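Work through the exercises below with the model open. Each task is followed by its solution.

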Amino acid sequence: MAEECVLAGFGQAVIGPPGSGKSTYVRAMHALLTSMGRKACIINLDPAGEEEEPGAAVSLRELLGLEEVMSELRLGPNGALLYCMEYLQTNLDWLQSRLQSMRGTYFLFDCPGQVELYTHHPALPSILRRLGEWGLRLCAVHLVDSHYCTDPAKFISVLCTSLSTMLHVELPHVNILSKMDLIEQYGRLAFNMDYYTEVMDLSYLVDHLTSDPFFRRHRRLHEKLAEVIEDYGLVTFIPLSIKDEQSLQKVLSTVDKASGFCYGDQQRSLGNLMSVAVGADFHFASTLAFQEKYVEQEPRTVEEENSDLS
Ligand SMILES: Nc1nc2c(ncn2[C@@H]2O[C@H](COP(=O)(O)OP(=O)(O)O)[C@@H](O)[C@H]2O)c(=O)[nH]1
Ligand SMILES: [Mg+2]
């Protein structure tokens, strides 16, 4: 089998800082996909934590554990985690053979929470790139705790991290504000929620921030940071509460558009492609039909495609 086809399929790389809700999201997304009849599995790439991720089909800990790396190489938790990712990067044949046995499944990668992996360390992007070369079309799902919306200075730093993550990871990308059910408990917001999710005119945020005497002398710095974020124009967020299935479905349909899943196989699913192109809301029955088609890998004739459209 040609190397580029060994893993033909789709999936999500779930990334973000520690505690942002990645593992919770992965479990909830797995349950949602399963309830919709879409075959999915969890791949735990986080070697940290005391307990094994429940429901993970594959875990990096089968290859090596954080604790043994810490004790054998005398590294702290952060250094040991980076070592684990570099070890995985040089032993990707292990991951390939584990994933190959589940070919056609939708993969949910639960990634570690070290921010340097997403902003400048080369291991994770290199691993994700390799997965792409094997034919796996991934979307990065980047979770950020919505708590940061309550503080303008923290929100600007979240925008900067999200932007550098998008540029570093180099995948179709969906940013999420997680734990939205807690937003009222977190405190009063200076602007309405759309302002934060759509990342509207940041001069208001800078004005609000510099009304605080402590930040006033750093106004120019914040203006410049806001300018960089606005010039790229890449960062927006989708609000998510794990208890609200509708918000999870909204995330899934955005991810499916970003990764191309909703278009189906580009050569075959003309129907899906056109329904997305005309803005028709994507319905999940067609993704299930696509998955079945995709797994059986049967080429379809033009007549069959046309009958899909009628
Ligand atoms: N209220 C609420 N708690 C959440 C939500 N998502 C995650 N959590 C909690 O946040 C904590 C950290 O979540 P976890 O998935 O372990 O984060 P990870 O370190 O990014 O994998 C856990 O206690 C979760 O129960 C959410 O949408 N709402
Ligand atoms: Mg986790």
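Helices (H or I, at least four residues) and strands (E, at least two) are DSSP runs, numbered from the N terminus. This is a predicted model: local features need pLDDT of at least 70, side-chain atom pairs count only at pLDDT 80 or more, and totals for chains, interfaces and linings use all residues. Residues are numbered from 1 along each chain as its sequence is written, and chains are lettered from A and ligands numbered from 1 in the order in which they are written.

**Exercise 1.** Describe the shell around ligand 1.

Solution. Start with the helix: α1 (residues 22–35) gives the largest share, 3 residues. Next, take the nearest members. Of 15 residues around the ligand (C-beta atom, placed from the backbone, within 6 Å), Gly21, Lys22, Ser23, Thr24 and Ile242 come nearest. Finally, sort by class. The shell has 3 nonpolar (Ala, Val, Leu, Ile, Met, Phe, Trp, Tyr, Cys, Pro), 3 charged (Asp, Glu, Lys, Arg) and 9 polar residues (the others, Gly among them).

**Exercise 2.** Characterise the packing of α7 against α10.

Solution. Helices α7 (residues 152–169) and α10 (residues 203–210) then meet at about 140°, axes 9 Å apart. Now list the contacts (C-beta atoms, placed from the backbone, within 7 Å). Pro152, Ala153, Phe155 and Ile156 of α7 meet Leu205, His208 and Leu209 of α10. These divide into 6 nonpolar, 1 polar and no charged.

**Exercise 3.** Which residues does Val14 contact beyond four places in sequence?

Solution. The partners are Lys22, Tyr25, Val26, Leu108, Phe109, Asp110, Cys111, Val141 and Leu143.

Note on methods:
Contact = placed C-beta atoms within 7 Å. Axes fitted to C-alpha atoms, helices over the stretch in contact; angles between N-to-C directions.
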